[in-house]
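Open the model in your viewer and keep the sequence alongside. The tour below goes from stop to stop, with something to select at each.

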Amino acid sequence: PWRAAAERGGVVVTRAALVALALLVPGPVLAQQRAQPAAPRPDALAQQVEQNIRTCIGTSQDMALVARCMESQRAVVAPRLDNAVERLLATQADPGRRAGLAGVQAAWVQYRDARCDCAGTNPDRGADAAADRAACLLQFDLGRTLEIEQLLAPPPPPPAQQPQRRR
């Protein structure tokens, strides 16, 4: 259907861009955070990345450009992910727990790389596979950043209790 739209002269967004943008939209957990105005808005990162990608790609159908746009946004997200991981590890007083969390992160990196390498070598996608890999890496890094920042966020205050009415 998207190729048919292109033949009719319609505006078409590449599959990789659509997938990346759809996956960057914050999920239900982040929607709950938005309901608490006093809390910081970690979903602002996802919104900014999405906006930057839309601006970078524009209406282009050039998959090399799509890949470059995804990679440029990953370069923005990566230091924030590294910082979040360092902060999470620093919260662990027990060296065994800290080592365990470091192992979890290392396993996550291995999984991310293997999963995205698979996406980036799909022979059916040809040259477009590079954009698929870039979108995959960005999606994983963004999701992991938000996940760890959520763990580091202070818990929301308990709901205010309403005074009991006397009968």
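**Stop 1: L45**

Select L45 and show what surrounds it. Leaving aside neighbours within four places in sequence, L45 is in contact with V77, R80, L142, T145 and L146; contact means heavy atoms within 4.5 Å. L45 sits in helix α4, residues 43–57. Helices (H or I, at least four residues) and strands (E, at least two) are DSSP runs, numbered from the N terminus. With a relative accessible area of 9%, L45 is buried. Buried means under 20% relative accessible area, exposed over 50%, and partly exposed in between (1.4 Å probe, protein chains only). Now draw a distance from L45 to L146. Their C-alpha atoms are separated by 8.3 Å, although the two residues are 101 apart along the chain.

**A word on the model**

This is a predicted model: local features need pLDDT of at least 70, side-chain atom pairs count only at pLDDT 80 or more, and totals for chains, interfaces and linings use all residues. Residues are numbered from 1 along each chain as its sequence is written, and side-chain values use heavy atoms, with hydrogens and water left out.

**Stop 2: the whole chain**

Zoom out and colour by secondary structure. The protein has 7 helices and 0 strands. Of its 167 residues, 34% are buried. Take the contacts between residues at least 6 apart in sequence: 69% of them join residues at least 24 apart.

**Stop 3: helix α5**

Select residues 63–90. This is helix α5, with 28 residues. From first C-alpha to last, α5 reaches 40 Å, close to the 40 Å expected at 1.5 Å a residue. The expected span is 1.5 Å times one less than the number of residues. Where does α5 bend? Go to V76: the bend there is about 25°, and a proline, P79, follows within four residues. The bend is the angle between axes fitted to the seven residues ending at a residue and the seven starting there. Then move to the start of α5. A side-chain oxygen of D62 reaches to within 3.0 Å of the backbone nitrogen of A64.

**Stop 4: Q92**

Step into the loop between α5 and α6, where Q92 lies. Is Q92 buried or exposed? At 15% relative accessibility, Q92 counts as buried. Beyond its neighbours within four places in sequence, Q92 is in contact with R97, R98 and L101.

**Stop 5: the aromatic rings**

Select W108, Y111 and F140, which form one aromatic cluster. Rings of Phe, Tyr and Trp (its six-membered ring) pair if their centres lie within 6.5 Å; planes under 30 degrees apart count as stacked, over 60 as edge-to-face and the rest as tilted. By this rule there are 2 aromatic pairs. The rings of W108 and F140 have centres 6.4 Å apart and planes at 55°, so this pair is tilted. W108 lies in helix α6 (residues 95–119) and F140 in helix α7 (residues 129–152), so the pair ties together parts 32 residues apart in sequence. W108 counts as buried at 14% relative accessibility. F140 counts as buried at 18%.

**Stop 6: R133**

Finish in helix α7, at R133. R133 is partly exposed, with a relative accessible area of 32%. Not counting residues up to four places away in sequence, R133 touches C116, D117 and G120. R133 and A119 are 5.4 Å apart, C-alpha to C-alpha, and 14 residues apart in sequence.

Definitions and conventions. Polar contact = N/O pair within 3.5 Å; in protein donor to acceptor, adjacent residues only side chain to side chain.
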